[in-house]
Amino acid sequence: MASKDRILRQKEETRSNILEAAYAIVKEEGWQGLSMRKIADKIEYTAPIIYEYFSNKDAILNELTGKGFIKLAKELQIARDKFEKPEDQLEAMWMAYWDFAFTDTEMYQVMFGVQMSCCSQRCSAAEAPYKLFTAVIGEIMKNSNPSEDIIKQKYFTFFSVIHGLIAINIINKSDIMATINAQILKDAISGIIKSIQ
């Protein structure tokens with residue numbers, strides 16, 4: 001039994017090493033620089049061993065995407081839990097979302113397809129951030145008894161504005177744009193919150 005546990009631990013460690021190597025390559029060279037061969041070279045394995053764990057590069061991207069959404073959901077929960085009022089929670093969550101996009105830009109790119117193709121498979125972990133946001137939006141709007149469709153619409157209003165600003169900043173990196181967009185972000189968040197109260 002102990003040897004089976006050891007083998008499982010080794011397999012999980014190897015899988016984790018592959019993902020860490022892939023992300024390290026992306027941090028150095030961007031998503032276009034990622035290949036199975038480079039991953040194998042980085043962790044000093046042969047390419048066939050990498051293929052034992054992941055069938056192709058898309059499988060690695062899908063796994064990293066899931067990890068990104070899990071990390072984002074945790075950061076949103078932390079931001080939400082710092083405040084009592086739903087309006088303050090929502091603002092803090094969108095600011096945490098913005099911060100995540102720029103502290104982990106490469107992860108954000110693969111999660112949302114900014115300057116690259118994102119995974120074709122729907123990632124189940126993507127539901128967690130969406131549910132966190134819609135729960136707080138629903139709480140803010142509870143007096144008007146909104147339908148799920150209305151709450152979803154309000155979420156996508158926020159998402160469209162904030163994701164658009166993030167994409168602009170990632171594609172056109174400039175300190176001036178970052179400053180202007182940060183102010184636009186704050187104005188947009190407070191304006192949309194006022195519109196749903």
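The mean pLDDT of the chain, where pLDDT is the predictor's confidence in each residue from 0 to 100, comes out at 88, and 92% of the residues reach 70 or more. This is a predicted model, so to speak of local features a pLDDT of at least 70 is needed, side-chain atom pairs count only at pLDDT 80 or more, and totals for chains, interfaces and linings use all residues. Residues are numbered from 1 along each chain as its sequence is written, and side-chain values use heavy atoms, with hydrogens and water left out.

As for the overall build, the chain has 9 helices and 0 strands; helices (H or I, at least four residues) and strands (E, at least two) are DSSP runs, numbered from the N terminus. Read from the N terminus, the order is accordingly α-α-α-α-α-α-α-α-α. The C-alpha trace spans about 60 × 45 × 30 Å along its principal axes. Of the 197 residues, 42% count as buried, where buried means under 20% relative accessible area, exposed over 50% and partly exposed in between, using a 1.4 Å probe and protein chains only.

Now for the inside. In soluble globular proteins, nonpolar side chains tend to be buried together. A nonpolar core is taken here as a set of buried Ala, Val, Leu, Ile, Met, Phe, Trp, Tyr and Cys residues joined through side-chain atoms within 4.5 Å. The largest such core holds 61 residues, and the members that touch the most others are Ile39, Ile60, Leu90, Trp94, Tyr97 and Phe158. Leaving aside residues up to four places away in sequence, Trp94 touches Phe133, Tyr155, Phe158, Phe159, Ile162 and Ile189.

Ile18, in helix α1, is buried, with a relative accessible area of 0%. Its contacts, again not counting residues up to four places away in sequence, are with Ile39, Ile43, Ile50, Tyr53, Phe54 and Ile60. With one of these, Phe54, Ile18 has a C-alpha to C-alpha distance of 9.1 Å across 36 residues of sequence. Helix α3 holds Ile49, which is partly exposed at a relative accessible area of 29%. Ile49 and Thr14 sit 35 residues apart in sequence, with 9.5 Å between their C-alpha atoms. Ser55 belongs to the loop between α3 and α4 and is exposed, at 55% relative accessibility. From the C-alpha of Ser55 to that of Met36, 19 residues away along the chain, the separation is 9.9 Å.

Helix α6 (residues 105-112) is mostly covered, with 7 of its 8 residues buried. Those buried are Thr105, Glu106, Met107, Tyr108, Gln109, Val110 and Met111. Just after α6 comes Gly113, with a positive phi of about 70°.

Glu44 does so at about 60°, in the loop between α2 (36-42) and α3 (47-53), and is exposed, with a relative accessible area of 72%. Asn145 has a phi of about 50°, lies in the loop between α7 and α8 (148-171), and is exposed as well, at 67% relative accessibility.

Last, the open space. Rolling a probe the size of a water molecule over the atoms shows where empty space is left. On a 1 Å grid over the protein atoms alone, a cavity is a set of points where a 1.4 Å probe fits but cannot get out, whereas a pocket is an open set with protein on both sides within 12 Å along at least five of seven lines; lining residues have an atom within 4 Å of a point. Grid points are joined across faces, edges and corners, and a volume is the space filled by probe spheres set on the points. The second largest pocket holds about 170 Å³. Its lining consists of Glu12, Arg15, Ser16, Leu19, Glu20, Tyr23, Glu63, Leu64, Lys67 and Met107. The elements that supply two or more of these residues are α1 (2-29) and α4 (57-80), and α1 gives the most, with 6. By type, the lining splits into 4 nonpolar, 1 polar and 5 charged residues; Ala, Val, Leu, Ile, Met, Phe, Trp, Tyr, Cys and Pro count as nonpolar, Asp, Glu, Lys and Arg as charged, and the others, Gly among them, as polar.

Key:
Contact = heavy atoms within 4.5 Å.
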